[in-house]
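Here are some notes for your review of this model. Please read them beside the sequence and the coordinates.

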Amino acid sequence: MTSAPFHGDLVTGDLPAIAGTCKGPATVIGPGRDVKSELSSFQVRGHVIAVTTVGIFLPRLHHWIMGVPRKMMAFKIARTAMRGVTNGHTTHAKEEGYNGRDIDVLWPIAGLHTPTAGHTAAVITLLLGYAPVILMGLPADDSGHFYPDAPINPDGLEQLDYGERRGKYQDAWLWLRDNFFEGRVKSVSGNTREWLGSP
Amino acid sequence: MPEFGVFHDGPWPQVRNSNHGNLIIAGPGHTLLEDWAKVLGHKGDVMGVAAAGMFLPRMRHWYSSHGLWFPAWEAVRELNFKPVLDFYEKHASQGADNVDHRWPINGRYGRVAGLSASIVACELGYQPVVLAGIPADGRGHFYPGLEHAEDFEDYGGPYHKGIWEWLRDNYFQGRVKSLSGNTRTWLGEP
């Protein structure tokens, strides 16, 4: 275990041994609506970090970061079905509120500053040691996911808005930008590109 | 021209001809999201095909050529929709595991899930049937797979085109239309 660096109240305990062992650029790939076209338009640099659902489908990934760790086993089984193998990567999540054993590495990160899997992935990628970090498929807006999750018969199910109307999500991105990212995280699309800048 | 009929001798699932009305078939092609936007507000039933079924709200049927994969996909679907009452029936060709209904579709028509799902939809009794996310153009899936064009079978080539057109002329009887891609060209728009 390495001792926790000073990151304000973002890192709340001792970091796992894997922290700081990675280097070079990484691309964090999230489940945003336009992730496919972004992957076509922008070069994937360095190691691939999959965020939640995306990891089921990517043929190669180095790390897989979950926002809801109890989903990990089902996602891994689905990845095995889709891609044949499920090894060759490390799975990560926040340790906050999770007692299960389905995640390889749990991180002592405050949920206040990492309210979504996208926030969590950006933070863990930096703590692993990667830089610079490029976000794809993480626009933090209301454009939805790459899969059709809009109910075909509208029944009042809420559509998440990861941007303007969800103030705490925006606040968290801005807090991370100002207190932790140090210019190391950029985004190719959406609100995160506006807030963090383009790569 | 195909040498075989669409079906072999059976047995037939009991659900044959047990449905009516219109059906959207949502497949895993790269046009799924844009096609889904076109059918929002649709009041009929929905059939998911293969990986698309992990995500579709309000799905009534789920078809896959890979029955083996259903348990994995269902685990993800359950996480997506646990708070919502979720009831669907799983379909595949004969010989498949993990499904509710096995259909006696001849192999030539059962090899590609979009084709066999269209046939199952007709046999279930639906009309009209509208294909979403089944462009049959070999340009990939709706999900981000980092794939290249050469990774995909030529679903728009003469072999597949011949099968779709034979079904159009000899079996679909105008019941199946498509929202995108080659299938829209071959079958027409709804």
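Which residue in β4(B) does W62(B) stand opposite? The first point answers this.

1. W62(B) faces K90(B), a residue of β4(B). The model is predicted, so read this pairing as a feature of a prediction. The strands involved are β3 of chain B, residues 61–63, and β4(B). Three bridges join them, and they run parallel.

2. β4 of chain B spans residues 89–93. On β5(B) it has a further parallel partner, again over three bridges. Two residue pairs can be checked here. H91(B) has H101(B) in β5(B) as its bridge partner.

3. How many of the five residues of β4(B) are buried? Four are, so the strand is largely enclosed by the rest of the structure. The cut-off behind this is 20 or more other C-beta atoms within 10 Å of a residue's own.

4. Now the whole sheet of chain B. It is open and has seven strands, in the order β5-β4-β3-β2-β1-β6-β7. The pairing is parallel. β5 (101–103) and β7 (176–178) of chain B are the edges. Each has a single partner strand, so one side of each lacks a neighbour in the sheet. From one strand to the next, the twist averages 25 degrees. As background, strands of a sheet pair through backbone hydrogen bonds, in either a parallel or an antiparallel sense.

5. Chain A also has a sheet to inspect. Its seven strands form an open sheet with parallel pairing, ordered β5-β4-β3-β2-β1-β6-β7. At the edges are β5 (105–107) and β7 (185–187) of chain A, each pairing on one side only. Neighbouring strands are turned against each other by 25 degrees on average, direction ignored.

6. Within chain A, look at β3 (residues 63–65) and β4 (residues 90–94). They run parallel and are joined by three bridges. One pair to check is I65(A), whose bridge partner in β4(A) is H92(A).

7. Last, the contact between the chains. Chain A gives 27 residues and chain B gives 25 residues. On the side of chain A that touches chain B, α1 (35–41) and α2 (72–83) of chain A each supply at least two residues. Which element gives the largest share of that side? α2(A) does, with seven residues. By type, the residues on this side of chain A are 20 nonpolar, three polar and four charged.

Technical notes
Residues numbered from 1 in each chain as written. Chains lettered and ligands numbered in written order. Predicted model: local features only at pLDDT ≥ 70, side-chain atom pairs only at ≥ 80, totals over all residues. Pairing = 2+ DSSP bridges. Axes fitted to C-alpha atoms, helices over the stretch in contact; angles between N-to-C directions. Contact = placed C-beta atoms within 7 Å. Nonpolar A, V, L, I, M, F, W, Y, C, P; charged D, E, K, R; others polar. Buried ≥ 20, exposed ≤ 12 C-beta atoms within 10 Å, placed from the backbone.
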